[in-house]
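Look through the model below before reading on.

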Amino acid sequence: MTIPEQYQPFVDDIHGMIRLSEADFETFRRHRGFFERNGGALVEAIAGVLDGHAPSREVFDEGRGDLESLKRRLGQWIGRVLDARDTPEFWRSQFVIAIEHIGRRIPNRQMVGLATRVREVLLPMMLEQEGPEAGLDLFLAFQRLLDSIVALTTTLVDEGQRRCLLEATGFTPMLADNLQSMVFKKIRRELMPPG
Ligand code: HEM
């Protein structure tokens with residue numbers, strides 16, 4: 001199985017910039033015990049962050065997601081990551097995770113925000129339990145994974161919005177670009193009114 005051609009450049013860009021690689025999956029496997037010991041606490045910490053942040057809690061209050069289901073699925077995802085390889089199948093499944101969030105109208109800033117909060121939880125745990133060198137390696141590998149998911153999500157938001165605009169209006173890509181630059185000029189004026 002391959003990645004559909006139109007999505008491959010996104011994965012190439014993530015490989016090139018974030019640099020998630022096979023070595024990171026090997027690192028996860030080497031530290032399987034860390035995830036087995038701490039997976040539950042990590043899942044609870046993530047659920048706690050989302051429950052404690054009113055705009056994220058709204059997603060659950062409004063029935064766009066279920067917190068218990070989220071905990072279960074996060075636990076399963078950690079398990080899958082431990083068996084994953086840097087393959088097209090893996091990337092396809094992470095694109096689908098991105099779509100899970102986009103479909104629930106979770107804003108990009110909350111994706112970025114949660115990744116920050118997860119880092120805050122994981123860094124001290126990994127350093128303390130795996131030692132300063134191996135813990136840092138593990139942290140950096142996990143950070144690349146987290147950032148890859150956030151990057152896929154933000155990328156698909158851009159992609160989907162562009163497709164909506166083109167399909168709804170029949171605009172050419174060039175016309176859409178011109179409209180976009182006009183809109184951003186307007187936003188800039190709203191943020192920084194002249195004078
Ligand atoms: C670093 C950012 C995030 C990561 C890595 C992440 C990861 C995941 C994963 C792996 C799943 C399970 C998908 C599956 O089983 O295919 C999931 C589902 C979900 N996530 Fe996130 N997530 C992030 C941010 C957020 C944020 C900010 C929210 C805000 C409320 C959120 C809400 C949800 C919901 C509602 C589900 C579906 C739960 C259900 O089954 O009802 N996630 N997420």
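Helix H3, residues 32–52, has 21 residues, and the distance from its first C-alpha to its last is 29 Å. At 1.5 Å a residue the expected value is 30 Å, so the two figures are close. H3 also has a bend of about 55 degrees, placed at Asn38. This is a predicted model, and every value given here is computed from it.

How many of the 19 residues of H9 are buried? The count is zero, and H9 is hardly covered.

These helices belong to a protein with nine helices and zero strands. Read along the sequence, the pattern is therefore α-α-α-α-α-α-α-α-α. The C-alpha trace spans about 55 × 40 × 35 Å along its principal axes. The protein has 195 residues, of which 14% count as buried. Of the contacts between residues at least 6 apart in sequence, 77% join residues at least 24 apart.

Which residues form the largest nonpolar core? It has eleven: Val11, Ile14, Leu20, Val59, Trp91, Ala98, Ile106, Met111, Val150, Ala151 and Leu152. Helix H1 (8–17), H6 and H8 are the elements that each give two or more residues to this core, and H8 gives the most, with three. One member, Val11, is in contact with Ile3 and Trp91 when its neighbours within four places in sequence are left aside. Another core lies apart from this one and has six residues, including Leu122, Met126, Ala141 and Phe142.

The next topic is the ligand. There are 22 residues around it, and those that come nearest are Gly65, Ser69, Arg73, Trp77 and Gln110. Several helices each supply at least two residues of this shell: H4 (54–61), H5 (67–82), H6 (88–103), H7 (108–130) and H8 (132–169). Which helix gives the most to the shell? It is H5, with five residues. Sorted by class, the shell around the ligand has 13 nonpolar, five polar and four charged residues.

Two loop residues remain. Most residues other than glycine have a negative phi. Arg19 is not a glycine, yet its phi is positive, near 70 degrees. Arg19 is found in the loop between H1 and helix H2 (22–30). Arg105 also is not a glycine and has a positive phi, of about 55 degrees. Arg105 is found in the loop between H6 and H7.

Are these two residues buried or exposed? Arg19 has 13 other C-beta atoms within 10 Å, so it is partly exposed. Arg105 has 10 C-beta neighbours inside 10 Å and therefore counts as exposed.

Terms used
Residues numbered from 1 in each chain as written. Predicted model: local features only at pLDDT ≥ 70, side-chain atom pairs only at ≥ 80, totals over all residues. Helix = DSSP H or I, 4+ residues; strand = E, 2+ residues; numbered from the N terminus. Buried ≥ 20, exposed ≤ 12 C-beta atoms within 10 Å, placed from the backbone. Contact = placed C-beta atoms within 7 Å. Near = placed C-beta within 6 Å. Nonpolar A, V, L, I, M, F, W, Y, C, P; charged D, E, K, R; others polar. Core = buried A, V, L, I, M, F, W, Y, C linked by C-beta atoms within 7 Å. Bend = angle between axes of the 7 residues up to and from the residue.
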